[in-house]
Amino acid sequence: MYEGQSFGQRYSEYCEQKKGSRRRLRRVTVAAVLIVGVAILALVLSDQVLPIEVWATSEKEAPQVIELDLREKTVEQTPQETVAEVKEIRTTPVVFIDAGHGGNDGGCFAGDIVEKNINLSIAELVQGKLEELGYEVIMSRSTDTYVAKEDRVRNANDRNADIYVSIHQNFSDVKGVNGMEVWYDGTDMQRDSKRLALLVSQQTARSTGAVEREVRGDADFHVTGSTQMPACLIETGFLSNKEERAKLTSQEYQEKLASGIVQGIEYYFHPKTMYLTFDDGPSEQNTSRVLDILKERNIKATFFLVGENVERYPEIARRIVAEGHTIGIHCYNHDYQNLYQSVESFVDDFEHARRVVCEVTGVDAVLFRFPGGSINSYNDNVYAEIIEEMTKRGYIYYDWNASLEDAVAGAEPTQLLANGVETTLGRKKVILLAHDVVYNTGEILEDLLDKFPEYEMRPLNEQIEPIHFKGSSAVG
Ligand SMILES: [Zn+2]
Ligand SMILES: [Zn+2]
């Protein structure tokens, strides 16, 4: 997410490239087999060695053809080339699972319960579940052996793993302490480790009911710091806590832990989709703050603008466009009474806003959002006609299926956060309503985004199927 593209995009592009190179490899193979076929046929027919010209290959390549084992379907390659091709044609994610400690390094312990054994049991369950889902899994160890942390990291880097997840158990002198912690190296913004850590924590908490103590970006571990791929380390619980220790040693709880870790990894590679939408702007300070946060995280959103505000803050409107967000029309003047008086009053206001947005930003907006949503208490008699007219004019409207409810006056920041999380209901596709003109929305935006690691944030465009309120007579 920090490199200009989401992992999903990069991964599908990567797969496309690999398909291309597979096709090239196939073509080379087919050509080689054909050449050999023709040569063998010629040998059989002539029953003698053919003049060298017939082979039509360079001296360097000729021995390969002559020495070809006919049982093989492909031309032999040098070992170096083979390694390169194996790397290139990889299309499934490779997950490195690191069971902490091992051998004479037991980790923490309580009586005869030793951390290294629990780590390995959970890691093996994770491995099994991931492989069932089609992932390629590399284990740092599969037996009770000592592996130096440098070797674990070198192995993951050499094998070019896509992510690294290290599994550990915790210990505290305070017996009552329990729950899980997930750590990552927050100093390295090039790797998407934070999202991985948030997902592993979130999903494991969901599957086990364990306390999510902390997701910490100040990890100073070799396995999270020296790995080249996104990496996190999960401490699944405290061996020092009697109740938690009993759970951690049970097969049933280990299954839950493994399921959570695997689900986190699943969402890392296959996130759900959220469209963040901001209505009523631009405003000078609040919109700028929202834009700063989105820019920092390289997230693109959609802004449904109010014409009057665009005239007031044209620079902010232009900044929205310059930073790659989608612009839609909300209205020119946010006056429900006037807007929903008739089809004409709505369309007049809308076209006014659209002209202003076009003059200021150069964007010829097609997307729009009804003030108050497509069906509201002001437009009961007229919404169907307005929708019909607007659709005829080629405009596309978007309602929402989740909301911060931040337009409610006096709402506390924590309440907005809770609204945002609760109203998404885990949907695969979410269009979230927020208002960039509201101060508290900017206040909670960072925390809100951290609550949604399972979603990939995208801007709306004309190809995205809209969400419409039920009862609407609009088609599609
Ligand atoms: Zn440990
Ligand atoms: Zn509005």
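Modeller: Happy to! Helix H6 (residues 193–208) packs with helix H9 (residues 251–269) at an angle of about 140 degrees, and their axes are 7 Å apart. Helices here are DSSP runs of H or I with at least four residues, strands are E runs of at least two, and both are numbered from the N terminus. Axes are lines fitted to C-alpha atoms over the stretch in contact, with angles from 0 to 180 degrees between N-to-C directions. H6 and H9 are therefore oblique to each other (under 35 degrees counts as roughly parallel, over 145 as roughly antiparallel, 65 to 115 as roughly perpendicular, and the rest as oblique). Their crossing is right-handed, meaning that the near helix is turned clockwise from the far one by less than a right angle.

On the H6 side, the contact residues include Leu196, Leu199, Val200 and Arg206; on the H9 side, Tyr253, Lys256, Leu257 and Ile261 are among them. Contact means C-beta atoms, placed from the backbone, within 7 Å. The residues of this contact divide into eight nonpolar, nine polar and three charged (Ala, Val, Leu, Ile, Met, Phe, Trp, Tyr, Cys and Pro are nonpolar; Asp, Glu, Lys and Arg charged; the others, Gly among them, polar).

For the setting, the protein chain has 17 helices and 16 strands. Residues 24 or more positions apart account for 79% of its contacts with a separation of 6 or more.

A note on reading this: the model is predicted, local features need pLDDT of at least 70, side-chain atom pairs count only at pLDDT 80 or more, and totals for chains, interfaces and linings use all residues. Residues are numbered from 1 along each chain as its sequence is written, while chains are lettered from A and ligands numbered from 1 in the order in which they are written.

Conventions: Two residues are in contact if their C-beta atoms, placed from the backbone, lie within 7 Å.
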